[in-house]
Amino acid sequence: MTFTPSTILFGGDYNPDQWDTETVREDIELMRRAKVNTATVGVFSWSKMEPSEGVYELDWLAEILDRLHAGGIGFFLATPTASPPPWFSLAHPDALPVRPDGARLSHGSRDTYAISAPAYRAASRGIARALAERFGDHPGLRGWHIHNEYGTLDYGPHAARAFRAWLRAKYGTLETLNAAWWTAFWSQGYGSWEEILPPRATQYLHNPAQAIDFRRFCSDEMLAAYTEQCDEIRAAGSMAPATTNFMLPTWNHLEQWAWSDAQDVVSIDHYLDTRGPDGEAHVAYGGDLTRSWGDGPWLLMEQNATGISADGRWYTKSPDRTIRNSLGYIARGSQSSLFFQWRQSAGGSEQWHGGLVPHAGGSSRAFATIERLGGILESIREVIEPPADGRLSDAEVGILWHADGWWALETPQMPNDALTYSDEVRSTHRALWRSGIETDFVRPGAPIGRYRVLVVPCLYPMSEETAAWLHDYAASGGTVVVSYLSGVSDENLRIVGGGFPGRLRDLLGASSEQIDVLGPDETVDLGGGLTGTEWSELITLHTAEALHLYEDGSLAGFPAITSNTVGSGRAIYVSTKLDQVSRDRFFADVAAGAGLTETAPGAVGAGVEAIRRRGRDADYLFLLHHGDETVDVAGEGVDLVTGGRIEDGFRLPARDVAVVRLRRGATVRIGAEPSASSR
Ligand code: GLA
């Protein structure tokens, strides 16, 4: 299902159960003033919706939803299952999650549930059904927001039971499981299913195959819980689209491709983790990932209007950044600009978290920003109509993504704990972003003929099928760039012998017989201005040639970066972790070698981020000016933000935005000679 609302959804989480009637009346007035058209209601309202077991009290909610609708504001209705009420935990203590160390958590926060506990699952189905029966055909309902940020892991008895069932379905016999997990080592051979446990706290390292299977199980188990709720909603007759908001943080508990397949539209919550300029690259990363997961339009379900949480502090997000960031997501396929939350909470755990209406109220700089954003979103609303072929981006670079890579690098036997999947992927995306090169993420096995370059960062476990797919891609003309720690093991983290990376030796035409981990402050010179960190390998060339050698250190004189001709394409191997400056340079060269150019000539140099979003009859070029100087823009099109034609050139002030409607495939030049007319 392609999710195409009639307008860009603007608004956010609305928790009116915190407020009195007068405040709710003011809320709706302010929403209308700012052109808010969407509220997400009920995310954490379980105790008010079901004050005691099986007793659903929904009249208060009906009143709120009716008032929103009467005010012209649609809503996502959330199932509140991320925050079971106190009575539930008291009645069902077995449904509280257990940590790896055996401690059972107590009620007192949120997200405190054991996903496999039958009582929790039954209560979740019950409340989903009750909401759907009452509100499933409400005219203001835009969609279902199931749960909130699935991600609580449980290691207790219910999890153990469900994990065993999952393993039985996967492996069939204990013999197969024992072989897959290599249980002969450390006397771990299992003689009955009951002996198998989640990876609970133990004396020393866990079996890595057990650890990664547990992560896969947890993702599947949460997905089953999501699907059950959707089934209840459909059984009650509501056909409104359903989604759940992924979190895009420094942890990852979901296998996003499988989850995305199960949703009507993919949505994420995205919070900047730095107040520095890298926040802009982070927006791009979140947007590109989510567009790719859903293979089309998606929803930004939450961001913070006024704050950035980093280093244990709440920093203020400047108004211009709120606007640029919001447009950055839309440029990358979002159909919405939604926030957490509408009005800052006066009390409770997140009273300092930003809101569209700050503590100071509607007469504030922060709210004026929201009003300005509402105006911009209305003026650019046509951008969300998708092109006939459904493809929103023209990206010709793909980055291979799979949660297995993330989870594998977190297993306990890895030779360098400083290396993380997320860092490798994000640094690579950042390098391409800094060159102004648009990027998609790609799932293993997907059609990839349209990419000129495919990057494989740290996908440690790899199936034979994925390796063959990469080979076919290169053979038919693509450029594959493989990083260290990719294709080293099979799917069960058993190393493929005969030289690393076992799955990709043929593709790379090179292999390494030994790794050589670098110390925390150690670097290695690769020549040509490139520097490696953290990791190096002793490489032998078979059919490949060396592009860079290790110039110093214990591997001086050995190949560091290699290139192998494969059919009409090639495969490059980068056997060390390039530092960011080197990585930027390296990927700029790879992109240039593959004939890729920045989206708008001159944009990167001028500090302007240029992103093309393909629309129904035109392309939309989003220009987000992160720099400090006014720049000139030349080309043919209409800036939807101001309504001005740009034929004569126009000036884009520092920190401002433009959204230019262009002929399909056309672009603009940035930094051209100033012209007579100005913005
Ligand atoms: C998440 C949650 C929200 C809120 C924000 C705070 O995204 O969904 O309820 O806690 O984080 O950043």
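The model is predicted. Its mean pLDDT is 96, and 99% of the residues reach 70 or more. Residues 674-679 have pLDDT below 50, and this stretch makes 18 contacts in the model beyond near neighbours in sequence. Where pLDDT is low, the predicted coordinates should not be read in detail.

For Glu 302, a polar side-chain atom is 2.5 Å from a ligand oxygen. For Asn 148, an N or O atom of the side chain is 2.8 Å from an oxygen atom of the ligand, and for Asp 269 the distance from a polar side-chain atom to a ligand oxygen is 3.4 Å. The ligand taken alone exposes 300 Å², of which the protein buries 92%.

Leu 400 belongs to strand 12, which spans residues 397-400. Is Leu 400 buried or exposed? Its relative accessible area is 1%, so Leu 400 counts as buried, the cut-off being under 20%. Leaving aside residues up to four places away in sequence, Leu 400 touches Tyr 421, Val 442, Arg 443, Pro 444, Leu 454, Val 455, Val 456, Pro 457, Leu 459 and Trp 469. Arg 645 is 245 residues from Leu 400 in sequence, and their C-alpha atoms are 39 Å apart in space.

How values were computed: Residues are numbered from 1 along each chain as its sequence is written. This is a predicted model: local features need pLDDT of at least 70, side-chain atom pairs count only at pLDDT 80 or more; totals for chains, interfaces and linings use all residues. Side-chain values use heavy atoms; hydrogens and water are left out. pLDDT is the predictor's confidence in each residue, from 0 to 100. Contact means heavy atoms within 4.5 Å. A polar contact is a pair of N or O atoms within 3.5 Å; within protein, one must be able to donate a hydrogen and the other to accept it, and residues adjacent in sequence count only if both atoms are side-chain atoms. Accessible areas come from the Shrake-Rupley method with a 1.4 Å probe; for residues, only the protein chains shown count as cover. Helices (H or I, at least four residues) and strands (E, at least two) are DSSP runs, numbered from the N terminus. Buried means under 20% relative accessible area, exposed over 50%, partly exposed in between (1.4 Å probe, protein chains only).
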